[in-house]
Amino acid sequence: MEKKSSNTNLNKASKAKKDEFYTQLVDIEKELKHCKDQFRGKGVYCNCDDPFESNFFKYFATNFNALGLKKLIATSYKPSPIANTQLNLFGDITVLSTPKGRPKITANKFIINEVDDIDGDGAFDLRDIAEQLKANKNNEWAPLKGEGDFRSKESIELLKQADIVVTNPPFSLFREYVAQLMEHSKKFLILGNQNAIIYKEIFKFIKENKMWLGYDNGGTKWFQVPTDYNIPTESRIKTENGIKYFSMGSIVWFTNMDTTKRHEELTLYKKYSSEEYQKYDNYDAIEVPRFLDIPMDHDGVMGVPITFLDRYNPEQFEIVGSNRGIDQDSNKIYGRGSFLNGKETFKRLFIKNRMAKK
Ligand SMILES: C[S@@+](CC[C@H](N)C(=O)[O-])C[C@H]1O[C@@H](n2cnc3c(N)ncnc32)[C@H](O)[C@@H]1O
């Protein structure tokens, strides 16, 4: 029994360690450039973001006036192993030698209601913001009472003050994280692993069109990681100026903010033929291994790779199920693995073309 609980603790610790990777400003800018208009007059909360390390905080603080934000809130998480280090704009990471008024050891909250012009040296630096925060009674910078867990009462109180949550949350808590956003009816733009699409707790929101993908999905993204972060694949590691980076594939933006992309029609070229498209052994559906080969004239159910979601337009297609998550479907049709001639296929979304042209 004792052994089991120490194993569980070890497992939790190793999962928590894996959550420690930090988004680069360039990736935030690449995504946010598409949806700037939707931030005007809004309160943004970055709830897994130490203002001293998070580029999300940096992005919104720097662009506070340009985006027309009403409020920016960021809270850090105390157990974060780099909570006492400072990530500055120029990318070097240094252990803070003097606290200089900055609360240490505890988790912090920053609440910004007003940002005066950043000083004229052209460089944003947290010192500027800290100075402004201190000078401006409309802003607040204080330690949190607890650890800064996004599920804590004080974090939820801050969540209630915000309209949009934007961050890269801990992947190990992704299901709970999204459930909380949905429970509080918040708009969000968050990074996650593509595989989360078919987690049954996430898939239900995707199927109901309550959540979809943003713009800059797929490919690889580089994340800053602590130096002891374990990366088994050599080609996924790079070190620049003593900072370690990890490249991850299949990282996508999940959102419930409108995109122009999800209104674009996917152009289809192929016609259905029973020779070309195989039927599953155990589903009344055809297999389409590349979503670009979806036949334009097929009005039945089709199994497509989960990457289809990146091009999903809900006016053109309907998502009816997936081949994971056995209890996803009260009719018990979907949720089982899909087989072709006795061989199980990869993860699939089952879709129907609402505009099938015969
Ligand atoms: C994937 S990292 C991303 C950090 C930052 N948002 C960024 O994009 O650079 C996830 C962060 O969530 C923090 N975290 C882990 N569990 C948390 C929790 N329960 N509540 C709030 N933050 C948590 C971790 O310490 C980690 O810094």
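The paragraphs that follow treat the aromatic pairs, then the charges placed over rings, and finally the ligand.

This is a predicted model, in which local features need pLDDT of at least 70 and side-chain atom pairs count only at pLDDT 80 or more, while totals for chains, interfaces and linings use all residues. Residues are numbered from 1 along each chain as its sequence is written, and side-chain values use heavy atoms, with hydrogens and water left out.

Rings of Phe, Tyr and Trp (its six-membered ring) are paired if their centres lie within 6.5 Å; planes under 30 degrees apart count as stacked, over 60 as edge-to-face and the rest as tilted. Phe56 and Trp253 form an edge-to-face pair, because their ring centres are 6.2 Å apart and their planes stand at 75 degrees. Since Phe56 belongs to helix α3 (residues 55-62) and Trp253 to strand β13 (residues 251-255), this pair ties together parts that are 197 residues apart in sequence. Helices (H or I, at least four residues) and strands (E, at least two) are DSSP runs, numbered from the N terminus. Phe56 is buried, with a relative accessible area of 2%, and Trp253 is buried as well, at 0%. Here buried means under 20% relative accessible area, exposed over 50%, and partly exposed in between (1.4 Å probe, protein chains only).

Tyr283 and Phe350 make a tilted pair, with 4.5 Å from centre to centre and 45 degrees between the planes. Tyr283 lies in the loop between β13 and β14 (285-287) and Phe350 in strand β19 (residues 349-353), so that the pair links distant parts of the chain, 67 residues apart. Tyr283 counts as buried at 5% relative accessibility, and Phe350 counts as buried at 0%. Elsewhere, ring pairs join Phe21, Phe171, Phe174, Phe223 and Phe254 into a cluster.

Charged side chains also meet rings. The charged end of Arg175 sits over the ring of Tyr199, 3.8 Å from its centre, and that of Lys238 sits over the ring of Trp222, 4.5 Å from its centre. The criterion is NZ of Lys or CZ of Arg within 6 Å of the ring centre and within 35 degrees of the ring normal.

Turning to the ligand, an oxygen atom of the ligand is 2.6 Å from an N or O atom in the side chain of Thr23. A nitrogen atom of the ligand is 2.9 Å from a polar backbone atom of Phe150.

Technical notes:
A polar contact is a pair of N or O atoms within 3.5 Å; within protein, one must be able to donate a hydrogen and the other to accept it, and residues adjacent in sequence count only if both atoms are side-chain atoms.
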